[in-house]
Amino acid sequence: MKTFEEKWTAWIDDQLTGEELTEFEISLPDRAAAEAEKRDALKLRTFLKQQFAVAPAMGNEEFFHHQLRQAIARERASQAVGSSRAAQRVSWWNIGRLAWAGAGSLAIFAICTFFVIRSETKPEQSQYLTQILNARVDPAVSPNATITAFESKEDKATVLWVEGLQSLPSDYAAK
């Protein structure tokens with residue numbers, strides 16, 4: 001049994017006859033529209049036959065085919081080179097090389113860190129702090145003055161707690 005499309009094409013080409021033709025024409029939902037479409041298809045067929053009849057013959061066909069074959073060969077060669085480059089890119093950073101690159105980077109980092117920490121100098125006690133700790137408060141100027149120093153080695157900080165000081169001695173102001 002033919003499909004609707006096969007029957008449609010046969011109807012346009014006037015190849016349906018007898019009972020098959022009447023059954024198909026009855027099955028059409030809009031016969032007038034179908035007839036208009038058939039006329040348009042026949043007009044198109046005659047137009048195309050006219051155009052192909054006057055088409056110029058192609059000269060030097062072998063040269064044209066030769067150019068097409070060369071273009072196809074170039075395109076295939078460039079695709080082959082591109083795929084081999086892609087394969088090289090994929091194989092360059094495999095798991096082994098990534099592991100070695102990571103291990104090398106960590107080793108370089110450890111060496112640089114060792115030399116940076118080793119070259120760091122230990123901070124010395126400031127000369128100003130030493131002078132303050134060795135100073136005595138004059139009992140005539142501030143009889144109830146006390147100086148207490150708190151040092152924290154891990155925080156690298158020193159806090160001086162001064163109580164009852166009314167004014168600093170004159171030799172402190174000069175520094």
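Which side chain makes a polar contact with the side chain of Glu 25? The partner is the side chain of Trp 11, at 3.5 Å, where a polar contact is a pair of N or O atoms within 3.5 Å; within protein, one must be able to donate a hydrogen and the other to accept it, and residues adjacent in sequence count only if both atoms are side-chain atoms. This is a predicted model, in which local features need pLDDT of at least 70 and side-chain atom pairs count only at pLDDT 80 or more, while totals for chains, interfaces and linings use all residues. Residues are numbered from 1 along each chain as its sequence is written, and side-chain values use heavy atoms, with hydrogens and water left out.

**Overall layout**

- The chain has seven helices and two strands, taken as DSSP runs (helices H or I, at least four residues; strands E, at least two) and numbered from the N terminus.
- Read from the N terminus, the order of elements is α-α-α-α-α-α-β-β-α.
- Of the 175 residues in the chain, 9% count as buried; buried means under 20% relative accessible area, exposed over 50%, and partly exposed in between, with a 1.4 Å probe and protein chains only.
- Take the contacts between residues at least 6 apart in sequence: 36% of them join residues at least 24 apart, with contact meaning heavy atoms within 4.5 Å.

- A pair of aromatic rings is described by the distance of the centres and the angle of the planes.
- The structure holds six aromatic pairs; rings of Phe, Tyr and Trp (its six-membered ring) pair if their centres lie within 6.5 Å, and planes under 30 degrees apart count as stacked, over 60 as edge-to-face and the rest as tilted.
- One of these is the tilted pair of Trp 11 and Phe 24, with 5.7 Å from centre to centre and 50° between the planes.
- That pair links distant parts of the chain, since Trp 11 belongs to helix α1 (residues 4-12) and Phe 24 to helix α2 (residues 18-27), 13 residues apart.
- Trp 11 and Phe 24 are both buried.
- Through ring pairs, Phe 4, Trp 8, Trp 11 and Phe 24 are linked into a cluster.

**The nonpolar core**

- In soluble globular proteins, nonpolar side chains tend to be buried together.
- Here the largest nonpolar core has eight residues: Trp 8, Ala 10, Trp 11, Ile 12, Leu 16, Phe 24, Leu 28 and Ala 34; such a core is a set of buried Ala, Val, Leu, Ile, Met, Phe, Trp, Tyr and Cys residues joined through side-chain atoms within 4.5 Å.
- Helix α1 gives the most to this core, with four residues.
- The buried residues of α1 are Lys 7, Trp 8, Ala 10, Trp 11 and Ile 12, and their cover includes α2 and α3.
- Leaving aside its neighbours within four places in sequence, Leu 28 is in contact with Phe 4, Trp 8, Trp 11 and Ala 34.

- Glu 25 lies in helix α2 and, leaving aside neighbours within four places in sequence, is in contact with Trp 11 and Arg 31.
- Lys 38 lies in helix α3 (residues 31-53) and counts as buried because its relative accessibility is 12%.
- The charged end of Lys 38 sits over the ring of Trp 11, 4.7 Å from its centre; for this, NZ of Lys or CZ of Arg must be within 6 Å of the ring centre and within 35 degrees of the ring normal.
- The side chain of Lys 38 also makes a polar contact with the side chain of Asp 14, at 2.7 Å.
- Asp 14 is found in the loop between α1 and α2 and counts as exposed because its relative accessibility is 53%.
- Most residues other than glycine have a negative phi.
- Asp 14 has a positive phi of about 60° although it is not a glycine.
- Glu 37, also in helix α3, is 25 residues from Ile 12 in sequence and 8.9 Å from Ile 12 in space, C-alpha to C-alpha.

**The hairpin**

- Strands β1 (residues 146-152) and β2 (residues 157-163) run antiparallel and are joined by seven bridges; two strands pair if DSSP finds at least two bridges between them.
- Ser 152 stands opposite Ala 157 in β2.
- The hairpin has four residues between its strands, and Lys 156 there takes a positive phi near 55°.
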